[in-house]
Amino acid sequence: MAIMLRCAAAQAFGFDDVAERARALAAKPYQPSSQTLPAELKNLDYDGARDIRFKPARALWREEKLPFEVMFFHLGHYQTEAVRIHEVQSGNAKAIPFRTQDFDYGKNKLSPKQWGDLGFAGFRVHYPLNNNGYKDELLVFQGASYFRVLGAGQHYGLSARGLAIDTVGGKGEEFPRFTEFWIERPAADAKALTVYALLDSKSVSGAYRFVVQPGSETVVDVKARIFLRNPVATLGLAPLTSMYLFGENQPQIGDFRPEVHDSDGLMVNSSTGEWIWRPLMNPKGIFTTSFGLPGVRGFGLMQRDRRFASYEDVEARYDKRPSTWIEPVGDWGPGRVELMQLHTPDETHDNIVAYWVPAKQPAPGQPLDFAYKLHQQGDEPQQRPPGAWAVQTRTGYSYAKLAENEVQYIVDFEGPSLKALPAGAEVKAQLSTNSNGEITEANAYPNPATGGWRMTVRAKQVRPGQPLELRGFLQHDNNVLTETWSLVLPPQ
């Protein structure tokens with residue numbers, strides 16, 4: 001039965017309604033879903049689940065020929081927890097019922113007439129992103145609080161999440177999930193789509209609003225209000241999840257592809273004005289690092305290398321995977337950008353997580369409001385420091401072999417601050433290390449092939465069982481020319 005929530009025109013359904021739901025939920029003990037998925041759906045294998053497809057002709061708003069359309073995902077296999085989805089029109093929220101006639105079940109032998117209103121596993125939004133004649137997939141919400149979004153010419157890569165709980169430091173990671181969505185019906189000439197979501201888990205409840213503005217750089221304006229039920233070890237805001245298998249700073253013998261990753265580095269812009277670049281890696285185990293900051297202007301997992309020749313994969317097209325830049329709205333205060341890297345044996349598993357941890361979390365029941373812009377970027381524009389940035393990090397030796405426990409990194413920088421240098425300018429590589437490192441050699445010199453500059457560093461890992469941190473940038477006179485390149489080598 002369709003459910004209609006009627007509101008006065010002056011009190012049309014919106015963010016505050018979802019926030020009040022979240023506040024009320026957080027005041028009570030967590031109640032997990034009691035819904036039981038039919039066994040025949042739960043027992044579907046991967047191919048069986050993929051064979052269930054939503055019928056495009058039944059897409060929400062297709063008949064009205066609106067600029068956005070919505071299609072829905074069916075429950076089954078790994079997707080066992082239902083979400084409820086509503087359409088908001090003229091201030092009223094109306095539930096969208098699950099209907100088996102909206103789906104093609106392929107070769108599956110199922111009995112859908114016995115299921116009733118199951119709900120959905122999630123939904124996807126379509127929009128004419130690349131040309132006016134076809135509505136491309138723009139946005140997907142499916143699983144826990146995960147969502148993925150595309151800009152023009154991009155292929156899906158990393159994912160965003162609503163919230164990360166105890167990714168590090170707790171008794172095990174908790175995955176809050178969006179349990180309910182409200183999607184505003186767009187106008188006939190709409191250039192943006194608004195989605196509200198209710199988040200819930202054992203430790204937290206929250207309200208979210210996503211305003212999606214598609215384009216060559218798709219931007220999502222995110223507004224959130226969360227309520228803790230109890231304190232958590234790690235409260236991760238605006239989390240991003242990606243994959244790094246191998247690359248120029250960690251080559252893999254035997255694979256014909258030079259690099260395989262959805263992102264190649266973490267970029268951070270501190271409130272102090274410093275820009276930091278940390279190349280990603282595939283460690284042997286769990287490896288967590290962070291940047292403690294008085295404030296943050298932005299951070300993101302970036303796919304800086306956009307050259308097809310760097311990947312040589314005509315199917316995966318890692319050169320088309322987007323970068324995601326998080327731009328806080330307002331002052332988030334002090335805290336840290338945390339990066340957790342896990343080992344992955346192949347490219348099918350995400351192993352990179354980055355998020356912001358505020359220095360102070362709210363008391364249980366007290367609201368924490370925060371907002372940010374999520375920029376999904378492709379070839380151009382790409383978020384970069386104003387001066388110069390690292391375009392590649394390579395490791396290994398050439399003619400001069402390395403000593404025991406010694407490493408060498410070759411870092412190429414490019415950018416306007418380097419192009420503006422006068423001929424013969426003296427540029428120095430400013431390098432430092434932690435107490436477990438010893439810099440044995442450091443150089444900086446022009447790269448005539450690119451017009452940029454190259455920094456080389458050799459360092460010894462004094463105690464191989466402990467991490468080695470290297471930090472470096474290029475300087476001319478008293479002027480810092482580049483971002484800070486920051487690499488941490490895990491214990492060997």
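Trainee: Which strand gives the most to the lining of the largest cavity?
Mentor: Keep in mind that this is a predicted model. Two strands, strand 20 (275-279) and strand 27 (389-395), each supply at least two residues of that lining. The one that gives the most, with 4 residues, is strand 27.

Trainee: What is the volume of the largest cavity?
Mentor: The search of the whole structure finds 2 cavities of 30 Å³ or more. Of the 15 residues that line the largest cavity, the closest to its centre are Glu-248, Asp-264, Trp-277, Gln-392 and Thr-393. The lining divides into 5 nonpolar, 5 polar and 5 charged residues. The volume is about 130 Å³.

Trainee: Which residue lies over the face of Trp-277?
Mentor: Trp-277 is among the residues closest to the centre of the largest cavity. The residue over its face is at 3.7 Å from the ring centre, and it is Arg-304.

Trainee: Which strand gives the most to the lining of the second largest cavity?
Mentor: The second largest cavity has a volume of about 50 Å³. Its lining includes Phe-147, Arg-148, Val-149 and Leu-158. Strand 9 (146-149), strand 10 (159-161) and strand 26 (367-377) each supply at least two residues. With 3 residues, the one that gives the most is strand 9.

Trainee: Arg-148 lies over the face of which residue?
Mentor: Arg-148 is part of the lining of the second largest cavity. Arg-148 is also one of the residues nearest the centre of the largest pocket. At 4.4 Å from the ring centre, Arg-148 lies over the face of Tyr-156.

Trainee: How much space lies in the largest pocket?
Mentor: This pocket is lined by 35 residues, and Tyr-46, Arg-50, Gln-79, Gln-142 and Arg-148 lie nearest its centre. Helix 3 (46-50), strand 2 (53-54), strand 3 (69-73), strand 8 (134-142) and strand 9 each supply at least two residues of the lining. By class, the lining has 16 nonpolar, 10 polar and 9 charged residues. The space comes to about 1,400 Å³.

Trainee: Where is Ala-144 placed?
Mentor: Most residues other than glycine have a negative phi. Ala-144 has a positive phi of about 50 degrees although it is not a glycine. Its place is in the loop between strand 8 and strand 9.

Trainee: Which strand gives the most to the lining of the second largest pocket?
Mentor: The second largest pocket has a volume of about 490 Å³. Of the 23 residues that line it, the closest to its centre are Leu-60, Glu-87, Ile-96, Pro-97 and Arg-99. Strand 4 (84-89) and strand 5 (92-95) each supply at least two residues of the lining. The one that gives the most, with 3 residues, is strand 5.

Trainee: In the hairpin of strand 4 and strand 5, which residue takes a positive phi?
Mentor: Strand 4 and strand 5 run antiparallel and are joined by 4 bridges. For example, His-86 has Ala-95 in strand 5 as its bridge partner. The hairpin has 2 residues between the strands, and the residue with a positive phi, near 55 degrees, is Ser-90.

Trainee: Is the peptide bond from Glu-380 to Pro-381 cis or trans?
Mentor: Pro-381 lies in the loop between strand 26 and strand 27. Most peptide bonds are trans. The bond from Glu-380 to Pro-381 has omega near -10 degrees and is cis.

Trainee: How many aromatic pairs are there?
Mentor: Two rings pair if their centres lie within 6.5 Å. One aromatic cluster is formed by Phe-54, Phe-72, Phe-98, Phe-103, Tyr-105, Trp-115 and Phe-120. The count of aromatic pairs is 27.

Definitions and conventions. Residues numbered from 1 in each chain as written. Predicted model: local features only at pLDDT ≥ 70, side-chain atom pairs only at ≥ 80, totals over all residues. Heavy atoms only, no water. 1 Å grid on protein atoms, 1.4 Å probe; cavity = no way out; pocket = protein on both sides within 12 Å on 5 of 7 lines; lining within 4 Å. Points joined across faces, edges and corners; volume = space filled by probe spheres on them. Nonpolar A, V, L, I, M, F, W, Y, C, P; charged D, E, K, R; others polar. Phe/Tyr/Trp six-rings, centres within 6.5 Å; stacked < 30°, edge-to-face > 60°. Lys NZ or Arg CZ within 6 Å of the ring centre and 35° of its normal. Pairing = 2+ DSSP bridges.
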